[in-house]
Amino acid sequence: QAQLAESGGGSVQPGGSLRLSCAASGLMNRPTCLGWFRQYPNKEREPVAFIYSGPGYSVPYYADPVKGRFAISQDNAKNTAYLQMNNLTPEDHGMYYCAAEVTNEGYCAMAVEQYTYWGEGTQVAVSS
């Protein structure tokens, strides 16, 4: 059974930066998609960024609203993914959930129903 432990988040002004971390355990070094969804109050959870880790390679995926501002990376030795969020705007405000799925598909789907393992979420607040 995989478990995800999240850290990071906080409160920043528009234009600021934050970094989220997601430490995964129990995935047994299998090909995996690891990333984040976010959710605004009273709205559906939406994809943010993901990274597919296969044997000897990794591929990032980004939702359109964050392309060019967010960067996802993974430290395989620590089984931890990082989401560097730059130039934050009020539209980035919300609860960010780490998600993981073991898959041999070679890519990461950006759909909530495709992910089995979830973190408890961390708040990102962007306001002036």
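Visitor: Where is threonine 122?
Guide: Threonine 122 sits in strand E11, residues 122–126. Helices (H or I, at least four residues) and strands (E, at least two) are DSSP runs, numbered from the N terminus. This is a predicted model: local features need pLDDT of at least 70, side-chain atom pairs count only at pLDDT 80 or more, and totals for chains, interfaces and linings use all residues. Residues are numbered from 1 along each chain as its sequence is written, and side-chain values use heavy atoms, with hydrogens and water left out.

Visitor: Is threonine 122 buried or exposed?
Guide: Threonine 122 is buried, because its relative accessible area is 12%. Buried means under 20% relative accessible area, exposed over 50%, partly exposed in between (1.4 Å probe, protein chains only).

Visitor: What does threonine 122 touch?
Guide: Leaving out residues up to four places away in sequence, threonine 122 touches Glu6, Gly8, Gly9, Leu20, Gly94, Met95 and Tyr96. Contact means heavy atoms within 4.5 Å. For glycine 8, the backbone oxygen lies 2.9 Å from a polar atom of the threonine 122 side chain.

Visitor: New topic. How many disulfides does the structure hold?
Guide: The structure holds 2 disulfides. A disulfide is a pair of cysteine sulfur atoms within 2.5 Å. One joins cysteine 22 to cysteine 98, S to S 1.9 Å. That pair links distant parts of the chain: cysteine 22 is in strand E3 (residues 18–25) and cysteine 98 in strand E9 (residues 94–102), 76 residues apart.

Visitor: Why is the disulfide of cysteine 22 and cysteine 98 called left-handed?
Guide: The torsion about its S-S bond is about -80°, so the disulfide is left-handed. Cysteine 22 is buried, with a relative accessible area of 0%. Cysteine 98 is buried too, with a relative accessible area of 0%.

Visitor: And which cysteine forms a disulfide with cysteine 33?
Guide: Cysteine 108 does, and the two sulfur atoms are 2.2 Å apart. This pair also links distant parts of the chain, 75 residues apart. Cysteine 33 is in strand E4 (residues 32–39), while cysteine 108 is in the loop between E9 and strand E10 (117–118). The link of cysteine 33 and cysteine 108 is left-handed, with -110° about the S-S bond. Both cysteine 33 and cysteine 108 are buried.

Visitor: What pattern do the disulfides follow?
Guide: The pattern is 1-3, 2-4, with bonded cysteines counted along the chain.

Visitor: Back to E4. What does the side chain of arginine 38 make a polar contact with?
Guide: Arginine 38 is in strand E4. Its side chain makes a polar contact of 2.8 Å with the side chain of aspartate 92. Another polar contact, 2.9 Å, joins the side chains of arginine 38 and tyrosine 96. A polar contact is a pair of N or O atoms within 3.5 Å; within protein, one must be able to donate a hydrogen and the other to accept it, and residues adjacent in sequence count only if both atoms are side-chain atoms.

Visitor: Why does arginine 38 count as buried?
Guide: Arginine 38 counts as buried because its relative accessibility is 3%. Beyond neighbours within four places in sequence, its contacts include Glu44, Val48, Pro65, Phe70 and Met95.

Visitor: What about tyrosine 82, where is its place?
Guide: Tyrosine 82 is in strand E8. It counts as buried, at 15% relative accessibility. The C-alpha atoms of tyrosine 82 and isoleucine 72 are separated by 5.6 Å, and the two residues are 10 apart along the chain. Not counting residues up to four places away in sequence, tyrosine 82 touches several residues, among them Arg19, Trp36, Ile72 and Asp75.

Visitor: Now the loops. What is phi of asparagine 42?
Guide: Phi of asparagine 42 is near 65°, a positive value in a residue other than glycine. Asparagine 42 is in the loop between E4 and E5. Asparagine 42 is exposed, with a relative accessible area of 87%.

Visitor: And what is phi of asparagine 87?
Guide: Phi of asparagine 87 is near 50°, a positive value in a residue other than glycine. Asparagine 87 lies in the loop between strand E8 (80–85) and E9. Asparagine 87 is partly exposed, with a relative accessible area of 44%.
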